[in-house]
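Let's take a walk through a protein together. Have a look at the sequence and the 3D view, and then we'll go through them piece by piece.

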Amino acid sequence: MQVGLHHTSACGTMTLPFVAVHLGAGYHSESRVQLYERLCRECIGVVLENLNKNSLSQSLVAGISFLEASGIVNAGCGSNKARNGTISTDAAIMLSNPRSIGSVGCMIDEKNPISTAETIRNEAIASGLGCR
């Protein structure tokens, strides 16, 4: 998911909201396109609504958590199951200001791995281990 679009006009440069949503890797059924489109619209709505009251990273995490909780796509609780029935998830969040990243991989049965990735990003910033 990406947010931000710079627009230059006669009045200067301003940032307009722009949200792109990735529905997870793998096969997406053509018979469910309307469902996927609705999910994208709702996810974008969550992000934009949160931008009015929260930080950018909190807004992104809220939108991604909504997507992960949907169970509709290969993300979070909707992720593909392994042969043994477990779900292995990955997530990452990266911001340019402050330059920071948090990521997780192979989390077993974690419904919202983006929350853990955000915690790692925040801990890296607090400890001074962020990008330079």
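**Finding your way around**

You can pick out three helices and four strands in this protein. Keep in mind that what you're looking at is a predicted model. Follow the sequence and the elements come in the order β-β-α-α-β-β-α. Of the 132 residues, 32% count as buried. The protein exposes about 8,400 Å², and carbon and sulfur atoms supply 54% of that area. Now think about contacts between residues with a separation of 6 or more: 40% of them are made by residues 24 or more positions apart.

Let's zoom in on strands S3 and S4. They form a hairpin with two residues between them, and they pair in the antiparallel sense over eight bridges. To see one of these pairings, find Ala 92, whose bridge partner in S4 is Ser 103.

What about the two faces of S3? One is covered and carries Thr 89, Ala 91, Ile 93 and Leu 95, while Ser 88, Asp 90, Ala 92, Met 94 and Ser 96 sit on the uncovered one.

Which residues make up the largest nonpolar core? There are 10 of them: Leu 60, Val 61, Ile 64, Ala 91, Ile 93, Leu 95, Val 104, Met 107, Ile 114 and Ala 117. Helix H2 (56-69), strand S3 (88-96), strand S4 (99-108) and helix H3 (113-127) each put in at least two residues. Nonpolar side chains tend to be buried together in soluble globular proteins.

Take Cys 40: the nearest cysteine sulfur belongs to Cys 43 and is 7.1 Å away, whereas a disulfide needs the two sulfur atoms within 2.5 Å. Cys 40 is buried, at 18% relative accessibility, while Cys 106 is exposed, at 58%.

Next, charged side chains. Those of opposite charge can pair when their charged atoms come close. The model has three salt bridges. In one, Glu 42 pairs with Arg 38, with the closest N and O atoms 3.3 Å apart. Why are these two separated by about one helical turn? Because they are four residues apart in helix H1 (residues 33-51). Both are partly exposed, Glu 42 at 35% relative accessibility and Arg 38 at 40%.

Another salt bridge joins the side chains of Lys 53 and Glu 49, at 3.8 Å from N to O. Lys 53 counts as exposed, at 56% relative accessibility.

And then there's Arg 121 with Glu 118, whose side chains meet in a salt bridge at 2.8 Å, N to O. They are three residues apart in helix H3, so about one helical turn separates them. Are they buried or exposed? Arg 121 is buried, at 4% relative accessibility, and Glu 118 is buried as well, at 9%.

Note on methods:
Residues numbered from 1 in each chain as written. Predicted model: local features only at pLDDT ≥ 70, side-chain atom pairs only at ≥ 80, totals over all residues. Heavy atoms only, no water. Buried < 20%, exposed > 50% of the residue type's maximum accessible area, 1.4 Å probe, protein only. Core = buried A, V, L, I, M, F, W, Y, C linked by side-chain atoms within 4.5 Å. Salt bridge = Lys/Arg side-chain N within 4 Å of Asp/Glu carboxyl O. Pairing = 2+ DSSP bridges. Contact = heavy atoms within 4.5 Å. Areas by Shrake-Rupley, 256 points an atom, 1.4 Å probe, with all protein chains shown as cover.
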